[in-house]
Amino acid sequence: MAFLKKKKSAAEEPKVLPQHIGIIMDGNGRWAKKRMLPRSAGHSAGAKVFRTIARYCSDIGIKYLTVYAFSTENWRRPQQEIDALMKLFKEYLNEALRDFQDDSIVVKFIGDKSGFSDEIRALMEETEDGSKDRDGMVLNIAMNYGSRDEIVRAVKKISQGVKKGEIDIDSINEDLVNDNLYTAGQPDPDLIIRPSGEYRISNFMLWQSAYTEFVIMNKLWPDFTKEDLDEAIDIFNNRNRRFGGV
């Protein structure tokens, strides 16, 4: 575990681990194109990195990790690529059920599950159910996720409560909105990392990231390493987080 093994000088302050990290796993297609490979090869390589980084985050003590795996906009991609991604999702879910039984990681899928096949939805539910009693890191996998869609859904749920007389309109506040998001009960991300050098949030955790620190790294996701995560945490530690104060 490279992060934990870093030696500190006597004068160096101890590192503060972000409680919640978000990662926009970007650059799989460009990674494959640079190597004259099909885009599906980039997604396969990215999936391996995801498993490595997720376990590493768990090992070093991160409490929550949210990864952006498939957005609501990704359905616009070529059908061949979507089919390859769905196949990859099924392989990952079957692997998670088979090989991750001894992990302490709690797996949650955030996003609109109705867009997936019955088979994938059943595997998601089985994976969540099989990990719900674990006591380790919570891993949110954002699939068919878009933050605007998430907020619209929260507004609809709250509106239904008002219509039924269950919610007083004057009681609507930030806490109530938080309670109706996919990440209800979880802290906002302290740090969001985007590999690939793109300076965009891409509809990821818009509400939750109001005071999140962002780190952009000029490296494609399949090339991302544990040391890159360590570097992002070091950058986070050098930020002065004032949350609107002085």
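A residue counts as buried under 20% relative accessible area, as exposed over 50%, and as partly exposed in between. In the predicted model described here, arginine 239 has a relative accessibility of 33% and therefore counts as partly exposed. Arginine 239 lies in the segment after α8. The side chain of arginine 239 makes a polar contact of 2.9 Å with the side chain of glutamate 213. These two residues are separated by 26 residues in sequence, and their C-alpha atoms are 7.9 Å apart in space. Leaving aside residues up to four places away in sequence, arginine 239 touches Phe214 and Val215 as well as Glu213.

The protein chain as a whole contains eight helices and six strands. Along the sequence these elements follow the order α-β-α-α-β-α-β-α-β-α-α-β-β-α. The radius of gyration is 19 Å, close to the 18 Å given by the globule rule for 246 residues, so the protein chain is as compact as a globular protein of that length. Along the principal axes, the C-alpha atoms fill a box of roughly 60 × 50 × 35 Å. Of the 246 residues, 45% count as buried. When contacts between residues at least 6 apart in sequence are considered, 77% of them join residues at least 24 apart.

Aspartate 228 is located in helix α8, which spans residues 226-237. Its relative accessibility is 9%, so aspartate 228 counts as buried. A polar atom of the aspartate 228 side chain lies 2.9 Å from the backbone nitrogen of threonine 225. With residues up to four places away in sequence not counted, aspartate 228 touches Met217, Lys219 and Asp223.

A second contact between a side chain and a backbone nitrogen involves serine 71, a residue of strand β2 (residues 64-71). Here a polar atom of the serine 71 side chain lies 3.2 Å from the backbone nitrogen of glutamate 73. Serine 71 has 8% relative accessibility and therefore counts as buried. Beyond the residues up to four places away in sequence, serine 71 touches Asn144 and Tyr145.

Asparagine 144 is part of strand β4 (residues 138-145). Because its relative accessibility is 6%, asparagine 144 counts as buried. The backbone of this residue was also examined. Most residues other than glycine have a negative phi. Phi of asparagine 144, in contrast, is positive, with a value near 50°.

A positive phi, likewise near 50°, is found at methionine 205. Methionine 205 lies in the loop between β5 (191-195) and β6 (213-217). With a relative accessible area of 1%, methionine 205 is buried.

Note on methods
Residues are numbered from 1 along each chain as its sequence is written. This is a predicted model: local features need pLDDT of at least 70, side-chain atom pairs count only at pLDDT 80 or more; totals for chains, interfaces and linings use all residues. Side-chain values use heavy atoms; hydrogens and water are left out. Helices (H or I, at least four residues) and strands (E, at least two) are DSSP runs, numbered from the N terminus. The radius of gyration is taken over C-alpha atoms; the globule rule is 2.2 Å times the number of residues to the power 0.38. Buried means under 20% relative accessible area, exposed over 50%, partly exposed in between (1.4 Å probe, protein chains only). Contact means heavy atoms within 4.5 Å. A polar contact is a pair of N or O atoms within 3.5 Å; within protein, one must be able to donate a hydrogen and the other to accept it, and residues adjacent in sequence count only if both atoms are side-chain atoms.
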